[in-house]
Amino acid sequence: MSRRVLGCLGQCSSRVFAIETDPKVDPVYFSLIKNPPTDAEMPAFQEIFGREKSYSFQVCVEDRIQRALLHDDLRHQLISGFGGDVKVFEMSSFRPNAQNSLVKGFFVNGVCGTPETDQTLSKLLQSNRLAVCTYVPGDAVGRWCQEPLRPAKDGAAAAAGRYGVVPVPSPDHHPSALDIINSSVFYNFIEAHNVMAECAHVITEAKHVLQRVDQTLPMRTTDRFPVIVIEGLDATGKTTLTESLKQSLGGVLLRSPPPCLSPWRACFDAKPALFRRAFYALGNYVTAAHISAESARAPVIVDRYWHSTAAYGIGTSVSGKVGNLPPRGSEVYRWPGDLLRPDLVLLLTVSPEERLRRIRGRGGEKTREEVELEANQLFRSKVEEAYRRMEDPACVVVDASPSAAEVLQQVLLVIKEKVHVQGSL
Ligand SMILES: Nc1ncnc2c1ncn2[C@@H]1O[C@H](COP(=O)(O)OP(=O)(O)O)[C@@H](O)[C@H]1O
Ligand SMILES: Nc1ccn([C@H]2C[C@H](O)[C@@H](COP(=O)(O)OP(=O)(O)O)O2)c(=O)n1
């Protein structure tokens, strides 16, 4: 029998549930993937459905630009429309272990049926761009069913089917890892450029970004001096080290995203991940063009590059624990074939305590993502682990906890040892 899966509840990804469907129906799989309820709050699947009413909402439009924008809108509507007592979890449907099968959505739980919540529900039901389901007790004790809803008379909802919910084994790969390629991380210029071009009719800033990108590219390739990238979480000492390296090596210091894209960075930081990631991906190609030009005359030091874009993309799109990241060797950790490859990538690491001490010492503005990272040690661990899994080039990990002078000396030694470009340094 074909099945629909409603799964991965709580922190424990072994709790996976299938929704039994008609074999003729194309199976769709569901999973609660973000902000999972703690075991103390919701010890069992039945309790999730048993607490007042539960609904799931998913945007079901083909166009990915519209889908990303509507998904963001839906989150706001659910949070404001259902009020404080209602819990809104991120969820998604997926086919176990099938790449790009993930369709994101939300699971709303604890809806009491007040006039306000009824009104919100009725409004959402009217949208033909949303798939809405509710969850009701089944015939047997402890069984639950999923009912897809459609609008009925006077704003009421009618069930358009009923499917039993049953536990099934967890998939090998965490569902949130199925949606990385070309939505959280881009592996070539064209894919990132396409997203920026497709969204330009709704996000006007995208036109300016594209103009800058198209002005800068294509890049020149020449015999060149070494290119050394410094990576790491915020406040691990990248700025401090890259400035000193520039002096010590008589090099040129570049960064990604490049300053010419700065006017639009805040705009894209506030947009859904699809657009934010495309922006940073294109920034790397612009920086690559600058690297290509500058490395003809001196060594180039780069403060953040593709590994940052990929590690933040992967680390934040994969929900839950570090173990949910795609395994080492997965294609998500591969370098884009069309992006200028550096000679050496160094990953600065410090303990979480030292990092926080440095952040507090520094003050200043942080990106939304960095604020999230600070709030959540789990995010930090995932981003750092993603950095460590990158391949070809892999990151050389440097303990950046000693003094700035000591870190510089240590890094100069690594460069001498690893960068085999005779006479260039
Ligand atoms: N090795 C070090 N030891 C102690 N403090 C450091 C060291 N490197 C940098 N700092 C301080 O930590 C803060 C963050 O460093 P910064 O270079 O701005 O990090 P990043 O560029 O990675 O965000 C700054 O206040 C800086 O002076
Ligand atoms: N090449 C890059 C650089 C930054 N990013 C993203 C990842 C994070 O959301 C932020 C971190 O950048 P931020 O400027 O705050 O970092 P630093 O202050 O340089 O440590 O930008 C990226 O995706 N790709």
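The model is predicted, so local features need pLDDT of at least 70 and side-chain atom pairs count only at pLDDT 80 or more, while totals for chains, interfaces and linings use all residues. Residues are numbered from 1 along each chain as its sequence is written, and chains are lettered from A and ligands numbered from 1 in the order in which they are written.

**Position of E406**
- E406 is found in helix α13, residues 404-418, where helices are DSSP runs of H or I with at least four residues, numbered from the N terminus.
- Between E406 and F189 there are 38 Å in space, C-alpha to C-alpha, and the two are 217 residues apart in sequence.

**Helices α5 and α8**
- The axes of α5 (residues 205-216) and α8 (residues 273-294) come within 9 Å and cross at roughly 25°, the axes being lines fitted to C-alpha atoms over the stretch in contact, with angles from 0 to 180 degrees between N-to-C directions.
- That angle makes α5 roughly parallel to α8, since angles under 35 degrees count as roughly parallel, over 145 as roughly antiparallel, 65 to 115 as roughly perpendicular and the rest as oblique.
- The contact, which requires C-beta atoms within 7 Å, is made by V209, R212, V213 and T216 of α5 together with F279, L282, Y285, V286 and A289 of α8.
- These contact residues divide into seven nonpolar, one polar and one charged, where Ala, Val, Leu, Ile, Met, Phe, Trp, Tyr, Cys and Pro count as nonpolar, Asp, Glu, Lys and Arg as charged, and the others, Gly among them, as polar.

**Helices α8 and α9**
- α8 packs against α9 (residues 306-317) at an angle of about 165°, with the axes 9 Å apart, which makes α8 roughly antiparallel to α9.
- In this pair A273, R277, Y280, A281 and N284 of α8 meet W306, T309, G313 and S317 of α9, and the contact residues divide into four nonpolar, four polar and one charged.

**Burial and length of α9**
- Helix α9 is mostly covered, as 12 of its 12 residues are buried, including W306, H307, Y312 and I314.
- The 12 residues of α9 should span 16 Å at 1.5 Å a residue, and the end C-alpha atoms are 16 Å apart, which agrees; the expected span is 1.5 Å times one less than the number of residues.

Notes:
Helices (H or I, at least four residues) and strands (E, at least two) are DSSP runs, numbered from the N terminus. Two residues are in contact if their C-beta atoms, placed from the backbone, lie within 7 Å. A residue is buried if 20 or more other C-beta atoms lie within 10 Å of its own, exposed if 12 or fewer, and partly exposed in between; C-beta atoms are placed from the backbone.
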